Amino acid sequence: MLHEISGMYFNLNRNEELGNIWRFVCENIDNAKKVLDLGCGYGYLFFKQDKSLEYTGVDVISNENITTDNILSPKKDWKNKKYDIVLLLNIIPALERIEKNSGKKLIEQMKKQSRYIVIGFPNCSISGKKSLGRYWRDYVNNEIGKVLYEYTGMDHVIIIRGNLLGKPRE
């Protein structure tokens, strides 16, 4: 099912929105060098161009530039490392379709491994015809709790604090 869902996003060009999101992140978080991007899809191309980042992209797609793994049942070593930022851009809705409450569980796990978590939710369906923003705002309020920063563009993005106080070292 993850392959099927990720396939819906393959033809989307998200570079402009990723640029807006990353600028927002950099304006609000200092010294973000070690980044984990879960469900990265082809977004890894955007982040790989910044040589100052220690970037790890994880997705179900097979690609030599990212780690191929199942986010809900990880087998690779990314799951045991610590990060400055964990990106969960539009992955929570996909995971929630597969397993109820898996998004909240993933967020709680990633809090233990990071200083900050950047969570993105779509404002509209992939076709752009259906508004989804209210549903995901309610999800944030009910399931996630305190939000440090918010950005709204094509996606609605929030930043929450992880449990790591200092810069990750590993």
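**Figure 1. Pro122 in strand S5.** Pro122 is buried, with a relative accessible area of 13%; buried means under 20% relative accessible area, exposed over 50% and partly exposed in between, with a 1.4 Å probe and protein chains only. The residue belongs to strand S5 (residues 114-122). His156 lies 34 residues from Pro122 in sequence, and their C-alpha atoms are 6.1 Å apart. The model is predicted: local features need pLDDT of at least 70, side-chain atom pairs count only at pLDDT 80 or more, and totals for chains, interfaces and linings use all residues. Residues are numbered from 1 along each chain as its sequence is written, and side-chain values use heavy atoms, with hydrogens and water left out.

**Figure 2. The open sheet.** Seven strands form an open sheet with mixed pairing, in the order S3-S2-S1-S4-S5-S7-S6. Its edge strands, strand S3 (67-68) and S6, each pair on one side only. Two strands count as paired if DSSP finds at least two bridges between them. Strands of a sheet pair through backbone hydrogen bonds, either parallel or antiparallel.

**Figure 3. Two strand pairs.** Strand S1 (residues 34-38) and strand S2 (residues 54-59) are parallel and share five bridges; Leu38 has Val58 in S2 as its bridge partner. Strand S6 (residues 149-152) and strand S7 (residues 155-161) run antiparallel, joined by four bridges. Glu150 is bridged to Ile158 in S7, and a hairpin of two residues links S6 to S7.

**Figure 4. Helix H5 on the sheet.** Helix H5 (residues 102-112) lies across S1, strand S4 (83-89), S5 and S7, and runs at about 155° to S5. Axes are lines fitted to C-alpha atoms, for helices over the stretch in contact, and angles run from 0 to 180 degrees between N-to-C directions. Contact means heavy atoms within 4.5 Å.

**Figure 5. Cys26 and Cys40.** Cys26 counts as partly exposed because its relative accessibility is 41%, whereas Cys40, at 8%, counts as buried. A search of the whole structure finds zero disulfides, a disulfide being a pair of cysteine sulfur atoms within 2.5 Å.

**Figure 6. The protein chain.** The chain has six helices and seven strands, which follow from the N terminus as α-α-β-α-β-β-β-α-α-β-α-β-β. Helices (H or I, at least four residues) and strands (E, at least two) are DSSP runs, numbered from the N terminus. Of the 170 residues in the protein chain, 49% are buried.
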